[in-house]
Amino acid sequence: MMLLIGNYKTFIEKYNKEVFSIVYIFLLIHFFWGTTMIQIHLPRCYTWICLVVLLGYIIGKILVEPNRKYLIIMATIVAPFIISGLLSGYHELMYVGLLIAAAKDIPIDRILKDYLMVCIPFLLITILGSQIGIVENLIYPSLYRGNRIAYGFLSPTDFCAHVLFIILVLFSVIKKKNYWKMALISVLIAAFLYFRCDGRTTVASLLIFLTGIAICYIIKKWVGLNKRIEWLLVDICESFIVIASFVLGWLYQLNNKYIIGLNDVLSDRLKYIAQTMSTYNIKLWGQYIEEHGNGGSIIAKDNYFFIDNSFVRCMYEYGAIVFVLVIVLIFMAQKKMLDNEKYIMCLAFFIVTIASFAEHHLLEIAYNPFIFSVFACMSNNDKVIMEEKRIC
């Protein structure tokens, strides 16, 4: 028995990064296909096998380096995500929590590159399939917004969100000398998404992101960057976004004419936030809320109800405990990015939180790899990683 445990510890220690990458890629493939019109039915045991492997992998990491801090991480992060996932019925939460904990000591650049290795080819395959007729290409007619093309995904919004996250991740891993080329490409992509998909949230997020890069460049060149001030500004802005998510919903219930006008601009998002707040109570471990979105069909639903705001979704569907935990993890991850001078990556994650006001992808594996960065290491250098283990 001791020999078997010893061999297992050696295996995990030797193939730590590879095991994480394999499990992450398998889960990413599964959840990515779930956002498309490609009908691939994987065995029901597929994700449960990944769950067992993840648990075994984390146990192996504990055996390799018995660490009280890591055990606390397990108790305070993994347990709430698993409990909430089981009690609320949103099982993807379990995998999110496990991946956050399992990413300890894994270079963040490796995680982001694994994401790109899966999502870019699959995105292109889906687009190609939709154009040659292999994959159903939904076209949503709109009286005021023109035709909105989904390019093989469940909705144009999902397609645009994938493009946004891919661009944010690309900026986080490419060399600085390529930023301006990538910025030009991003502007062209933003124009395409606006006119072909009416992806207003994605376009606004991309433009804010590119503006942020330019501002960071100017400040760094002429003034110098201050990590503490930047982290404080990021925290204040994100806190404002989170608080506004609930306050605007509350004001909508009061029939505030200005908020109702804003709701029209935001395509009724505030209306459904208010409906959520007036219909459901906040619970510690979340609850299942039946939603009726328009994704997957061009036929509009008479009983449409969907929570686009990630923070409201997190509070009401995943529960107050997971909500607080997620906010803390976001702040921790961004502080770590700034401490390690990952300024563009921090800005990219900040843009994700802005977009999360109008979209629900904050905790979805198919979209957001930045959520796994909080305990990941910010260097690909093995020697540096060994030094970082004390703080990861």
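Visitor: Is tyrosine 179 buried or exposed?

Guide: A residue is called buried under 20% relative accessible area, exposed over 50% and partly exposed in between, using a 1.4 Å probe and protein chains only. Tyrosine 179 has a relative accessible area of 14%, so it is buried. Please keep in mind that this is a predicted model, in which local features need pLDDT of at least 70, side-chain atom pairs count only at pLDDT 80 or more, and totals for chains, interfaces and linings use all residues. Residues are numbered from 1 along each chain as its sequence is written, and side-chain values use heavy atoms, with hydrogens and water left out.

Visitor: How many aromatic pairs does the structure hold?

Guide: Rings of Phe, Tyr and Trp (its six-membered ring) pair if their centres lie within 6.5 Å, and the pair is stacked when the planes are under 30 degrees apart, edge-to-face when over 60, and tilted for the rest. The structure holds 22 such pairs. One of them joins phenylalanine 32 to phenylalanine 153 in an edge-to-face arrangement, with 5.9 Å centre to centre and 80 degrees between the planes.

Visitor: Which residues form a tilted pair with 45 degrees between the planes?

Guide: Those are phenylalanine 171 and tyrosine 179, whose rings lie 5.9 Å centre to centre. Phenylalanine 171 counts as buried because its relative accessibility is 1%.

Visitor: Where does the charged end of arginine 313 sit?

Guide: A charge sits over a ring if NZ of Lys or CZ of Arg is within 6 Å of the ring centre and within 35 degrees of the ring normal. Here, the charged end of arginine 313 is placed over the ring of phenylalanine 306, 4.9 Å from the centre of that ring.
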